[in-house]
Each structure stands twice: as structure tokens, then as C-alpha cells.
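Student: Could we go through this structure together, one question at a time? I'd like to see how each answer is reached.

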Number of protein chains: 2
Amino acid sequence: MLETRKVHSHVVAEELEEEIIAGIIPAGSRLDETSIAERFGISRTPVREALHILCGRSLAERVPYKGVLVVQISAERIDQMFEAMAEMEATCGRLSSQRMTMSERAELERLHQQMNALAEAGDHGGYDTANAAFHELLFQGSHNSDLAAIAQALRVKLAPFRKYQLKDTGRLKRSCIEHQQIVDAILDQDGRAAETALRRHLVSAAQEVLIRRQIQDSATSKPTFSPA
Amino acid sequence: MLETRKVHSHVVAEELEEEIIAGIIPAGSRLDETSIAERFGISRTPVREALHILCGRSLAERVPYKGVLVVQISAERIDQMFEAMAEMEATCGRLSSQRMTMSERAELERLHQQMNALAEAGDHGGYDTANAAFHELLFQGSHNSDLAAIAQALRVKLAPFRKYQLKDTGRLKRSCIEHQQIVDAILDQDGRAAETALRRHLVSAAQEVLIRRQIQDSATSKPTFSPA
DNA sequence: TGCAGCTGCGTCGTATACAATACTCACAGC
DNA sequence: GCTGTGAGTATTGTATACGACGCAGCTGCA
């Protein structure tokens, strides 16, 4: 995580990534090199680099002589992504329960307790940040950089859809209860329990997001983005 | 899988990828834009695009104002990749056992029988090709495109190391026996058995490759590539 | 002798110009 | 009225030039 901010292409890539994740740039839309270049006040060259970076992160796809398209993700696909995420987290959790160092376990519990407090306070922003750290620690705890990287990449890809999550205290409380089971399983070195707890945790999160999306979709009655 | 061969950057990216996978370009070495451009008789621009593609596939890393380095993959890292592969295949296998359509199951068994014949004939090339199809079918059978894509990508990344596999009939026979258990479990819709069989199958394959590598490494006594 | 700063060189990052390709739309022929 | 073909336009891919940065080696001073 070196600071490489001075490089235009990275700045543009991060900015665009955030906008895609935030939904400001809708899925399926085309990323026009010229207009992006004009918007950032730079030439097309660094923009092209940025677009390549996005493609590398599977947030967009490049079609030769046609352009770069923000990946189109159907509701069914989101469902699949959550399932994949659940499986990855379950696997990482099982391995973590067996392999985490004492300091990692301590950090996990510390984070969990901090999140309990944040949930109690109703601090959604703080909670979500801590939550990201919680799950990343879980990935790292597997002590398998490939699994961790895959899980993290999936989490990023799912980020755009998490924003549909409810902003009520109930969600945080439920999340905390589920996290408790996860933490317990890991501290007890019970791989199977960790796996089960994580799978349930992700399934419930997915359900929430998917249901939320259905509500929003039917409300705005979005006519399935104009093809091309 | 559209043909995009006419684009220089893709041609260069594929060529470089093959050379990295084949070990012609050693891990840790720097990919100089100018020399690569000269070698292919093109300008630096498409070379840069190619290098971005390689970075996107995690085959290289870019350091601003310093260059692109071919990722260093240690023996420990290979071990981790095999473990990740095992977990992915186990997961896909479990899902496949529950979700495969009748035609998919039929195709799986057909492939397996064909591979038995190839193993009997000692046709390593044919066997490895069929084997790739076998495992890809397993991924597809999970009916989760994300899991399938992740598993497939991992398989590609591991490809460089499979070439160390022994070329004896014993390996094919052992593989067939293990495949038999996988096929049985899936046809019986026994998720747990499929998971277990696949994990064992991958672990044994990994062991073989890793042992093989140790032999080769000690023979050539490679002095852990010069750092930067 | 040792080191701090400078300088020159190599490489990367960016800007701009040009070539190649795909899409649009109008028009001719049926 | 419909379809196929063609030129025109817009956008991407590539080449080249130039500025920015990192590094190595040298010089000058303490």
C-alpha cells in the first residue's frame, strides 16, 4: 500500500472505481476515454491506463475498437456473487480458526468488541469500516494469500450493492450476534462452526441486500439499462 | 473468448504470459518497456498496455517510476495456490453434486470413461486435455459463474507448475481412481463426499508437483533470484 | 578518507498526432 | 417499402516527442 497518488492514471482509476462502486456510474455504461480525459483535465493516455486497471479488477471489460464497459451485473449474478462470497468467507474462516496467531485472535476480539460499541451507538459509518477490517482480518487469518486476495477482490466487487443495506440499528445488532458466533468459533478453534457461522452470516446479508434491491427496483422501475 | 489477436497489446500480453508461465522469463525479473517494444517491433504504448494486462492477471507488479516486475512465486506460495485450488474445487464439487443437470452428469461420466481409456493407453497429452475439460465441467456444474471463473483463473495460474508432473502411467492411474470417487459422489448427489474426494485429489496432485519441484530445485540449485 | 550534494543518464509517465476500426445514416436499386 | 452498399464520423489503437522521476557515479568540501 505505497502512496502512488502522484500518478494520474492511479488517481483516475481510484476515482472511477469509487464512482462505479457508489453506483454513480451505472453498470453497463460505456467509459469514453475522451470525455473522461476532458473531465480530469489530462490526456487520453493516463485515462487508458486507468481503464486497464479497472479491467484488471473486473470492474469493467474492454472490447477492442469498441470501448470499455462497466460490467453489467444482473440480480441473479449478484446472488451468485454473494454465494461465492459466502463460500470464500466460510473457507477462510475455517482456516483462520486453525491458523490464526494469538495476536490475530486478540485483534479479532478487540475489533468485535469495538463493533459492539459502535452498533450500540448506532454509528453506521464506523461500524461498516470496522466490519471491513473484521472480514479482512478473517481473510488474512487464513494465512493463504491467494484465498485472501480472492475473497478481498470479491468483497470489493460486491461493495456497490452493499449500499442498499438498511440503515437501521437492527441490522447492526443482528450482525453483531452473528459475529459473536464467528468469533467464538474461531477462538475455540472450531473450524466447522466458523464455516457454518460465516455462511449463515453472508446468506443473511445477501438476503437483506437482495430484498432491498427488489424494493428499490420495483420502486424506481428501472427499465434494465439500455443495451449498448 | 473473442478473437482479439489483431490488437498488438493483446498479442504481446499473451506472448509474455506464455513466457512467464513457461519460465523463459524468470520470476523477479524486470520487464523493460523499451527492449520489449524493440523486440516486437512496435512502440512502447502497446507494450505498456500489455504490461497492464499482465498486472491485472497478477503475473506481474507495477511500481511507479521503477518498472514492472514479474511476480516472485516462492515454493510456499505455490503451496498456498494449490491449497486455494483444492478449496475452490471442493466447493465447486459440492455444489455440482447438488446442481448438475442430467446432461452435465452424463457428460461428466462420459469424460471419465474416456479418460480411463486414455490412461490405459498411456496417452498423457490426451489425458491432460480431457482432465482440463473434466475439471472445467466441475466448475460449470456449480452453476455459479463467479466461483467457476475464480477456479478457472487459479487453474491457469497453476499451469506453469503442472508441467513438472511425472510422465508415468502411475500418475494417470492414480488420477483415475481419485476421479472415480469424485464422479461417484457427484452422481450420488453426495456433496460432502465430493468435497472430500476433490480435496484429496488436489492435495495429492500438489504433493506430486511440490516434491517434483524440490528435486528439480536441488538439482539446478537455483540461488533464489537476485533481489531487485 | 568519508560524505553530501550535484549532475548525467536511463526509464517511466504524459501529451499529442496519426492510423485503424466500427457505427451511422443516407441513398440507390429492387 | 425494404435492403444492401457506401461515405462520413466518432472512437479506439499506435507512434512519437517530451517532461518527471530514480539511480549511479562523480566532484568538492570537511
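Student: Between which two helices of chain A does the loop with A:Asp190 lie?
Tutor: Keep in mind that we are looking at a predicted model. A:Asp190 sits in a loop of chain A. The two helices on either side of that loop are H8 (169-187) and H9 (191-220).

Student: Is A:Asp190 buried, partly exposed or exposed?
Tutor: Buried needs under 20% relative accessible area and exposed needs over 50%. A:Asp190 has a relative accessibility of 36%, so the residue counts as partly exposed.

Student: Which residue forms a salt bridge with A:Glu195, and how far apart are the closest N and O atoms?
Tutor: Side chains of opposite charge can pair when their charged atoms come close. A:Glu195 and A:Arg199 are four residues apart in helix H9 of chain A, so about one helical turn separates them. The partner of A:Glu195 is A:Arg199, and the closest N and O atoms are 3.4 Å apart.

Student: Is A:Glu195 buried or exposed?
Tutor: The cut-off for buried is under 20%. A:Glu195 has a relative accessible area of 4%, so this residue is buried.

Student: How many residues apart in sequence are the parts tied together by A:Glu15 and A:Arg39?
Tutor: These two form a salt bridge, with 3.8 Å between the closest N and O atoms. A:Glu15 belongs to helix H1 (residues 8-22) of chain A and A:Arg39 to helix H2 (residues 33-40) of chain A, so the pair ties together parts whose separation in sequence is 24 residues.

Student: What about chain B: how many residues apart are B:Asp128 and B:Arg171?
Tutor: Their side chains meet in a salt bridge of 3.5 Å, N to O. This pair links distant parts of chain B, with B:Asp128 in helix H6 (residues 124-141) and B:Arg171 in helix H8 (residues 169-187).

Student: Which kind of axis relates the two copies?
Tutor: Chain B is superposed on chain A by a rotation of 180° with 0.4 Å of shift along the axis, and the RMSD is 0.9 Å. The two copies are therefore related as by a two-fold rotation axis.

Student: And which residue of chain B comes closest to the rotation axis?
Tutor: Here we go by the C-alpha atom. At 2.2 Å from the axis, the closest residue of chain B is B:Gly56.

Technical notes. Residues numbered from 1 in each chain as written. Chains lettered and ligands numbered in written order. Predicted model: local features only at pLDDT ≥ 70, side-chain atom pairs only at ≥ 80, totals over all residues. Heavy atoms only, no water. Buried < 20%, exposed > 50% of the residue type's maximum accessible area, 1.4 Å probe, protein only. Least-squares fit on C-alpha atoms with pLDDT ≥ 70 in both. Salt bridge = Lys/Arg side-chain N within 4 Å of Asp/Glu carboxyl O.
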